[in-house]
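This note is written for a reader who is meeting the structure for the first time. Please keep the sequence and the 3D view open while going through the points.

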Amino acid sequence: MMDRTRALAMTVNGEAVSRDVPVRINLVDFLRGELGLTGSHVGCEHGVCGACTVLVDGQSVRGCLMLAVQADGAEVTTVEGFAEAPGETGRQARALQQAFHRHNALQCGFCSPGMLASALELVQAGKTCDRAEIREHISGNYCRCTGYQAIVDAIEDVMLGRGGQ
């Protein structure tokens, strides 16, 4: 049987990465296994829980549903790179992390990386959403601990400019 690998080059958290990877490895397994970026969690492995959510070219994607080779040439940002991101992205990511902490929206922390990725995508869209729109946007990320109230409070605070207080 032929070993099927492919050259892959992408930017991950601001750093150029190139590797030969198996063509069937998914993005989250590549990030965790090959790069040691274990912040993105593996939950259901079916794209249902959202724990593996990362940003690819600024869009939230389920890392378990995307093959690593599909991200060839892309800019990938994981929870490890959020606060270190340059400019407005970094400021917004830090504000979200502080707001999650202040509102106790972290709880066990398993969903937090994926939840923060989805929240960052929403905040970066630049519009203020009502609570129902926030809930709709994060509906693909399961949280068993918080009941979502604290998470929505944190995201709303950042959208209203109260994120870092």
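Predicted model: local features only at pLDDT ≥ 70, side-chain atom pairs only at ≥ 80, totals over all residues.

The numbered points below treat the sheet, the helices, the cores, the cysteines and some single residues in turn.

1. As background, strands of a sheet pair through backbone hydrogen bonds, and the pairing is either parallel or antiparallel.

2. On one strand pair. Strand 1 (residues 5–12) pairs with strand 5 (residues 75–77) in the parallel sense, over two bridges. Within this part of the sheet, Val12 has Val76 of strand 5 as its bridge partner.

3. Asp20 belongs to strand 2. Is Asp20 buried or exposed? Its relative accessibility is 58%, so Asp20 counts as exposed. When neighbours within four places in sequence are left aside, Asp20 is in contact with Arg6 and Ala7. The C-alpha atoms of Asp20 and Gly87 are separated by 32 Å, and these two residues lie 67 residues apart along the chain.

4. On helix 1. In this helix (residues 27–34), the residues Leu27, Val28, Phe30 and Leu31 are buried. Viewed down the axis of helix 1, the buried residues fall within an arc of 165°, and therefore they line one face of the helix. The elements that cover these buried residues include strand 1, strand 2, strand 3 and strand 5. After helix 1 comes Gly36, which has a positive phi near 70°.

5. Asn26 is placed in the loop between strand 2 and helix 1. With a relative accessible area of 14%, Asn26 is buried. Apart from neighbours within four places in sequence, the contacts of Asn26 are Gly63, Cys64, Met66, Leu67 and Ala68.

6. On helix 6. How many of the 11 residues of helix 6 are buried? Nine of them are, and helix 6 (residues 149–159) is thus mostly covered. Among the buried residues are Ala150, Ile151, Val152 and Ala154, and also Glu156 and Asp157. The buried residues of helix 6 pack against helix 3 (87–102), helix 4 and helix 5 (131–137). Just after helix 6, Gly161 takes a positive phi of about 80°.

7. On the nonpolar cores. The largest nonpolar core has 28 residues, and those with the most contacts inside it are Phe82, Leu96, Phe100, Ile151 and Ile155. At least two residues of this core come from each of helix 2 (79–82), helix 3, helix 4 and helix 6. A second, separate core has 18 residues, including Val12, Ile25, Phe30 and Val54. In general, nonpolar side chains tend to be buried together in soluble globular proteins.

8. On Phe82. If residues up to four places away in sequence are not counted, Phe82 touches a set of residues that includes Leu55, Thr77, Ala93, Gln97, Pro113, Leu116 and Leu120.

9. On the cysteines. The structure holds zero disulfides. Cys108 counts as exposed because its relative accessibility is 58%, whereas Cys111 is buried, with a relative accessible area of 9%.

10. Most residues other than glycine have a negative phi. Glu45 has a positive phi near 60°, and its place is in the loop between helix 1 and strand 3. Asp57 has a positive phi near 50°, and Asp57 is in the loop between strand 3 and strand 4.

How values were computed:
Residues numbered from 1 in each chain as written. Heavy atoms only, no water. Pairing = 2+ DSSP bridges. Helix = DSSP H or I, 4+ residues; strand = E, 2+ residues; numbered from the N terminus. Buried < 20%, exposed > 50% of the residue type's maximum accessible area, 1.4 Å probe, protein only. Arc of directions from axis to C-beta. Contact = heavy atoms within 4.5 Å. Disulfide = S-S within 2.5 Å. Core = buried A, V, L, I, M, F, W, Y, C linked by side-chain atoms within 4.5 Å.
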